[in-house]
Amino acid sequence: MAISVFDLFKIGIGPSSSHTVGPMKAAAIFSNSLYENNLSTACYRITIEMYGSLAATGAGHGTPKAIILGLQGEAPETVDVDSIEQRVNEVRESGLLTLADDVTINFSYRDDLIMHRDEVLPFHPNGMRFTAFDKNNEALHYRIFFSVGGGFVIDESASGDQILVENPIAQPWPFTSAKELLAMCRKSGRSISSLMLENERVWRSEHEINHLLDTLWKTMNECIDKGCRSEGIMPGGLKVKRRAAHLYRKLKNRSGLSRDDALLTLDWVTLYALAVNEENAMGGRVVTAPTNGAAGIIPAALRYYMTFADGVEPDDVRRFLLTAGAIGILYKTNASISGAEVGCQGEVGSACSMAAGALAEVLGATPEQVENAAEIAMEHNLGLTCDPIGGLVQVPCIERNAMAAIKAISAARMALRGNGEHYVSLDQVIATMRETGRDMKDSYKETARGGLAVHVLEVPVSIVDC
């Protein structure tokens, strides 16, 4: 079963694709399953048990509020971001929750959202168990889900590699490795983006594909612009101040863009990434690219290209996103994009690799140079831990996106200076990332129990605050 570009790039809300987007989708599936099994009217209450990383950092990542919204039938891409706090507060204060089919049940924010911080379900560290009870406290229905990164959700009954959002229709150019992808590009004479477009056309018309790609870029651009206008303190207790708006004003006051400072362009790239990830930390509208924690890297690299490159064409945005999607599919298929599973190398590392390869393509690279750029970017993210302070997607996550966006640009330029031949293949570096993630201690995989999270003054984050 193949993965679509639009499975990797999804419009949702912050701060985390694994901890916010995935749980919201899982909760909506469970709510709908009650209706489909004619159990809604008999349901009196629902408990949601979170395990592993979801329990350890779920409060700071907005998991409880996402689950409440999902049970109400909301979806990450359409929920009214501005109404979230009010709606969650109403549930908390009233002790009542209205399911997707308008059935109202009892719901205790404190007692029905249960965090098993020291327990992990089999298969993946981001596990959830939903159980519906009748008036006699007898279990009516239960389901277990795993949020496996990038907003992907796996059901307990699915096999280890079966993802609910995958599309079963066969593609004309199926690939599971970079080696196969390059071979198909040589055979067909196509670029990676052109080959990916052909694969997507088995599911959607080219008009629809272009519209969806343009919508993704529009959302990314709007996120950058909003982040450049917004100021204040980010939620959760760390009291981290937003910096993008201040940086934007300083850069706007500099004349001639990069003419007076050879490195001023990099300041703009930094700004773009900071703006997106500050919006993400605020729970705003972002595009998983391929995750929320790494949502600023691809928009920053693409905005850099659209602003500073010569000879930019309108179709370049689509080519960029299709190429990035092809590389992201390789990571999703052969390793992981979940920080809870392989550390931040799976999030920021994958996004950096995707951005580097995509940027190389629109700058005129051959498929071999694209693969080289993607490999360079990941090779120098290997071993990157996920150690969010206070369990929040703020420190070091926001700055890490800015650094990775710059690294992606450097990797693309380095690959373009070569001929595509290189010592380490993208397939080899992806396999290494997967194995490194397996060897990494759990304390460094989105649990806030290692690294910066324990060496910086701890700030207690309560479920009430998040």
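A residue is called buried here when its relative accessible area is under 20%, exposed when that area is over 50%, and partly exposed in between, with a 1.4 Å probe and protein chains only. The structure above is a predicted model, in which local features need pLDDT of at least 70 and side-chain atom pairs count only at pLDDT 80 or more, while totals for chains, interfaces and linings use all residues. Residues are numbered from 1 along each chain as its sequence is written, and side-chain values use heavy atoms, with hydrogens and water left out.

Over residues 4–157 the chain is 32% helix and 27% strand, and the end C-alpha atoms are 22 Å apart. Helices (H or I, at least four residues) and strands (E, at least two) are DSSP runs, numbered from the N terminus.

Ile 3 sits in the segment before helix H1 (5–8) and, with a relative accessible area of 7%, is buried; from Lys 250 it is 247 residues away in sequence and 42 Å away in space, C-alpha to C-alpha. Cys 43 is found in the loop between helix H2 (17–36) and strand S2 (45–52), and its 6% relative accessibility makes it buried as well. Although Cys 43 and Ile 105 are 62 residues apart along the chain, their C-alpha atoms are separated by 6.8 Å.

The aromatic side chains come next. Rings of Phe, Tyr and Trp (its six-membered ring) pair if their centres lie within 6.5 Å, and planes under 30 degrees apart count as stacked, over 60 as edge-to-face and the rest as tilted. By this rule there are six aromatic pairs. In one of them, Phe 130 and Phe 145 have ring centres 5.8 Å apart and planes at 80 degrees, so the pair is edge-to-face. Because Phe 130 belongs to strand S6 (residues 126–133) and Phe 145 to strand S7 (residues 139–147), the pair ties together parts that are 15 residues apart in sequence. Both Phe 130 and Phe 145 are buried, and together with Phe 30 they form one aromatic cluster.

The pair of Tyr 248 and Trp 268 is also edge-to-face, because the ring centres are 6.3 Å apart and the planes stand at 85 degrees. Tyr 248 lies in helix H9 (residues 244–252) and Trp 268 in helix H10, so this pair ties together parts that are 20 residues apart in sequence. Tyr 248, at 28% relative accessibility, counts as partly exposed, whereas Trp 268, at 8%, counts as buried.

Rings may also carry a charge over the face, which is counted if NZ of Lys or CZ of Arg is within 6 Å of the ring centre and within 35 degrees of the ring normal. Arg 92 lies over the face of Tyr 109, at 4.4 Å from the ring centre, and Lys 332 lies over the face of Phe 152, at 4.3 Å from the ring centre.

On a 1 Å grid over the protein atoms alone, a cavity is a set of points where a 1.4 Å probe fits but cannot get out, and a pocket is an open set with protein on both sides within 12 Å along at least five of seven lines; lining residues have an atom within 4 Å of a point. Grid points are joined across faces, edges and corners, and a volume is the space filled by probe spheres set on the points.

The second largest pocket has a volume of about 520 Å³. Its lining holds 31 residues, of which Lys 65, Glu 85, Pro 235, Met 282 and Gly 283 lie nearest the centre. Helix H5 (84–94) and helix H10 (264–281) are the elements that give two or more residues to this lining, and H5 provides the largest share, five residues.

Across the whole structure, three cavities of 30 Å³ or more are found. The largest cavity contains about 160 Å³ of space, and among its 19 lining residues Gly 293, Glu 347, Cys 386, Val 393 and Cys 397 are the closest to its centre. Helix H16 (residues 397–416) gives the largest share of that lining, three residues.
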